[in-house]
Amino acid sequence: MLNSPWARFYSNSCCLCCHVRTGTIILGVWYLIINSVVLLILLSALTDPDQYHLTSAELGGEFEFMDDANVCIATAISLLMILICAMATYGAYKQHAAWIIPFFCYQIFDFALNTLVAISVLVYPSTIQDYLRQLPSNFPYKEEIMSVNPTCLVVIILLFISIILAFKGYLISCVWNCYRYINGRNNSEVLVYITTNDTAVLLPPYDDPANGAAKDPPPPYVSA
């Protein structure tokens with residue numbers, strides 16, 4: 001049997017030597033906690049808009065941050081993320097592979113967005129300086145960051161994004177290996193069930209004392 005070229009990346013263990021199923025449950029719970037905290041902040045912003053309202057003068061731009069429309073959109077996204085993370089946690093715990101797919105798709109989408117950010121920084125390095133100029137004047141360490149050599153700043157940002165991408169890629173592989181493990185386990189259980197129920201061997205009771213001496217039984221009959 002020919003093995004898939006991706007089989008070499010398959011493993012049942014992940015970080016801290018725990019099983020990929022356990023790692024997926026921990027990852028799902030961690031994302032659940034983060035998105036729940038974000039949802040609580042957004043809901044408090046909806047109930048008390050003045051507390052989180054930042055004007056254009058405070059941001060130094062021509063837009064307003066965390067207005068009602070942006071908060072409502074962010075709240076909907078947080079609710080969707082909580083649902084996806086809960087599905088992944090439940091699917092890994094109850095060994096339902098299909099429930100993990102939405103969380104895996106989110107990871108792929110997030111990885112693609114971070115990759116596009118890294119490519120944009122590499123292709124248009126001047127956008128970093130433009131972004132720093134748009135930050136508020138009271139932003140922490142704004143002047144120190146802008147005083148750094150632009151080339152060194154690009155290298156530092158690319159290195160930081162590369163570390164994040166490597167970590168996200170590792171988490172993607174853990175969730176994918178968990179999906180493959182659960183899917184393969186469920187398929188093997190179905191195969192064993194079908195084999196056990198469809199290939200039953202029927203033998204008459206030739207050794208029953210009521211029938212007299214034991215006889216040599218005929219070849220077994222296998223029911224299809």
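Colleague: How many helices and strands does the chain have?

Modeller: This is a predicted model, in which local features need pLDDT of at least 70, side-chain atom pairs count only at pLDDT 80 or more, and totals for chains, interfaces and linings use all residues. Residues are numbered from 1 along each chain as its sequence is written, and side-chain values use heavy atoms, with hydrogens and water left out. Helices (H or I, at least four residues) and strands (E, at least two) are DSSP runs, numbered from the N terminus. Along the sequence the pattern reads α-α-α-α-α-α-α-α-β-β, and the totals are 8 helices and 2 strands.

Colleague: Thanks! What percentage of the residues count as buried?

Modeller: Buried means under 20% relative accessible area, exposed over 50%, and partly exposed in between (1.4 Å probe, protein chains only). The chain has 224 residues, and the buried share is 24%.

Colleague: Which residues of α6 are buried, and where do they lie on the helix?

Modeller: Helix α6 covers residues 126-134, and its buried residues are I128, Q129 and L132. Seen down the axis, these fall within an arc of 95° (taken from the directions from the helix axis to the C-beta atoms). On the other side of α6, Y131, R133 and Q134 are exposed.

Colleague: Is T89 buried or exposed?

Modeller: T89 is found in helix α4. Its contacts (heavy atoms within 4.5 Å), not counting residues up to four places away in sequence, are with I25, G28, V29 and L32. At 13% relative accessibility, T89 counts as buried.

Colleague: What is the volume of the largest pocket?

Modeller: On a 1 Å grid over the protein atoms alone, a pocket is an open set of points where a 1.4 Å probe fits, with protein on both sides within 12 Å along at least five of seven lines. Grid points are joined across faces, edges and corners, and a volume is the space filled by probe spheres set on the points. For the largest pocket that comes to about 320 Å³.

Colleague: Which element gives the most to the lining of that largest pocket?

Modeller: Lining residues have an atom within 4 Å of a point. There are 13 of them here, and the closest to the centre of the largest pocket are N35, I77, S78, M81 and Y106. Two or more lining residues come from each of α1 (20-47), α4 (68-94) and α5 (101-123). The element that gives the most, with 6 residues, is α4.
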